[in-house]
Amino acid sequence: MDGIRYIHAADLHLDTPFQGLSRSASQGAHLARLLQEATFKAMERLFRLCETDKPDFLVLAGDVYNEENHSVKAQLKLCDGCRRLRDAGVRVFLAHGNHDPLSSRLAAIQWPDNVTIFGPDVESHTVEKNGKIVAVVHGISHAKIKEGRNLARLFRRDQQHDCFQLGVLHCTVEGQSKADRYAPCALDDLKNAGLDAWALGHVHERATLSTTPLIAYSGNAQGLHVNEPGPRGCLRVAASPQPDGGYACREEFVRLGPVQWTKVQVDLDDVAHLNDVEGRMTRALEEAAESTDPGCEALIARVVLRGRTPLDAALRDAANQEDLAERLTHLQTSTPSVWLKDMVAETSPAIDRAQYLQREDLLGEALRLADRMSQGGETLHAVAAPALKQLYEHGQLRHILTHPDDERMRALLEEAERLCTDLLEAR
């Protein structure tokens with residue numbers, strides 16, 4: 001048995017339209033262009049990596065572009081890159097996902113002969129090296145946007161070939177936090193296929209679900225929003241034959257995305273002047289930029305303001321937030337450039353809470369109740385459940401809302417306490 005090297009990428013989402021990035025129309029348009037170009041730059045980095053490494057093949061595990069766009073630009077650029085890989089001697093295996101199902105593919109594009117696009121049924125293709133079959137790559141594409149079948153159960157090892165065998169699938173494995181559960185399956189469904197490794201797509205967070213066999217999500221190549229922070233890219237995988245049979249796979253993350261998202265928390269406890277707020281925000285953003293690696297060209301941040309401060313009301317004013325954001329635009333010329341997506345004020349009024357807790361009035365009782373609720377999750381959920389019940393039992397909302405976890409419940413409690421203090425105490 002021969003060793004195999006391949007690169008696993010997924011969820012490039014080329015030419016994704018980005019909207020709602022900023023309250024400023026000009027900055028929002030600039031950020032949308034920056035991100036739209038970033039998806040193509042991530043793909044260009046992927047092609048360069050393949051040209052340099054010359055792996056046995058490249059795997060693209062779905063959602064390479066967005067079906068909603070039918071982007072000719074994305075599909076032609078992908079085709080151009082595949083021709084480059086043909087010249088470099090690199091095979092390409094592509095499975096379509098829920099965003100780019102087979103029904104959205106442009107039949108008018110002629111793909112180079114190094115490209116294998118999987119159809120609506122599981123296909124198996126051999127990879128040769130020096131005239132010898134060294135791998136079998138199995139894969140299937142989503143035929144339509146909402147694929148509800150368990151596609152993993154359709155895969156089986158090819159017993160005719162004693163070599164490395166890989167499955168390529170765009171799916172949601174049980175236990176992964178993904179709202180749109182397309183092609184759902186269990187981890188055992190993948191293991192029972194008898195393959196040596198799986199290259200998965202759909203979940204945008206990089207994750208290794210099993211080492212033997214290797215079952216991995218590469219994550220997306222470029223983060224698409226603020227809830228996809230940190231570096232994004234692909235996996236470089238080396239599979240080595242073992243004396244007792246089978247393969248040991250070693251994976252390595254390679255950054256591709258040039259733009260990185262982050263959430264920056266700024267502590268404003270007892271801060272009483274807006275110029276101090278500006279200074280703290282600047283330092284926090286500069287530190288976040290310094291912590292990125294050299295592959296990051298731009299950092300887009302959500303700034304979360306926390307702490308008890310007499311500036312609470314001022315910081316929640318939209319006009320004041322716009323003014324503070326404008327004061328930070330000089331960071332856009334730094335390296336990497338720093339862009340403020342938005343600002344979230346989670347501050348509280350500066351009050352003597354210990355004194356308030358002793359008061360025998362409605363505010364004092366509300367704060368004492370908040371303290372009891374914060375000490376145990378059961379108490380918090382017991383008090384909050386009746387208030388939230390109408391939302392989660394609503395005929396339409398219950399299908400799209402997920403029940404808040406403990407962290408979200410604590411955040412709601414803090415916000416409720418702030419509102420009580422705001423409304424019940426003269427300011």
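1. A salt bridge here is a side-chain nitrogen of Lys or Arg within 4 Å of a carboxyl oxygen of Asp or Glu. Aspartate 196 and arginine 157 qualify, because their closest N and O atoms are 3.1 Å apart. The model is predicted.

2. This pair ties together distant parts of the chain, 39 residues apart. Aspartate 196 sits in the loop between helix H3 (187-191) and strand E10 (197-201). Arginine 157 sits in the loop between strand E6 (132-139) and strand E7 (164-170). Aspartate 196 is buried, with a relative accessible area of 9%.

3. Aspartate 56 is at 16%, so it counts as buried, the cut-off being under 20%.

4. Next, aspartate 312 and arginine 316. Their side chains meet in a salt bridge of 2.9 Å, N to O. Aspartate 312 is buried, with a relative accessible area of 0%. Arginine 316 is partly exposed, at 26%.

5. How many salt bridges does the rule give? The count is 26. Salt bridges also form a network, linking Glu44, Arg48, Glu51 and Arg84.

6. Now the nonpolar side chains. In soluble globular proteins, such side chains tend to be buried together. In this model, the largest nonpolar core has 33 residues. Which members touch the most others? They are Leu12, Leu46, Leu58, Leu60 and Leu78.

7. H1 gives the most, with seven residues.

8. A second, separate core holds 27 residues. Val59, Leu214, Tyr247 and Cys249 are among them.

9. Leucine 46 deserves a look of its own. Which residues does leucine 46 contact, leaving aside neighbours within four places in sequence? The list is Ile7, Ala9, Leu12, Leu58, Leu60, Cys234 and Leu256. Of these, Leu12, Leu58 and Leu60 are, like Leu46, among the members of the largest core that touch the most others.

How values were computed. Residues numbered from 1 in each chain as written. Predicted model: local features only at pLDDT ≥ 70, side-chain atom pairs only at ≥ 80, totals over all residues. Heavy atoms only, no water. Core = buried A, V, L, I, M, F, W, Y, C linked by side-chain atoms within 4.5 Å. Buried < 20%, exposed > 50% of the residue type's maximum accessible area, 1.4 Å probe, protein only. Helix = DSSP H or I, 4+ residues; strand = E, 2+ residues; numbered from the N terminus. Contact = heavy atoms within 4.5 Å.
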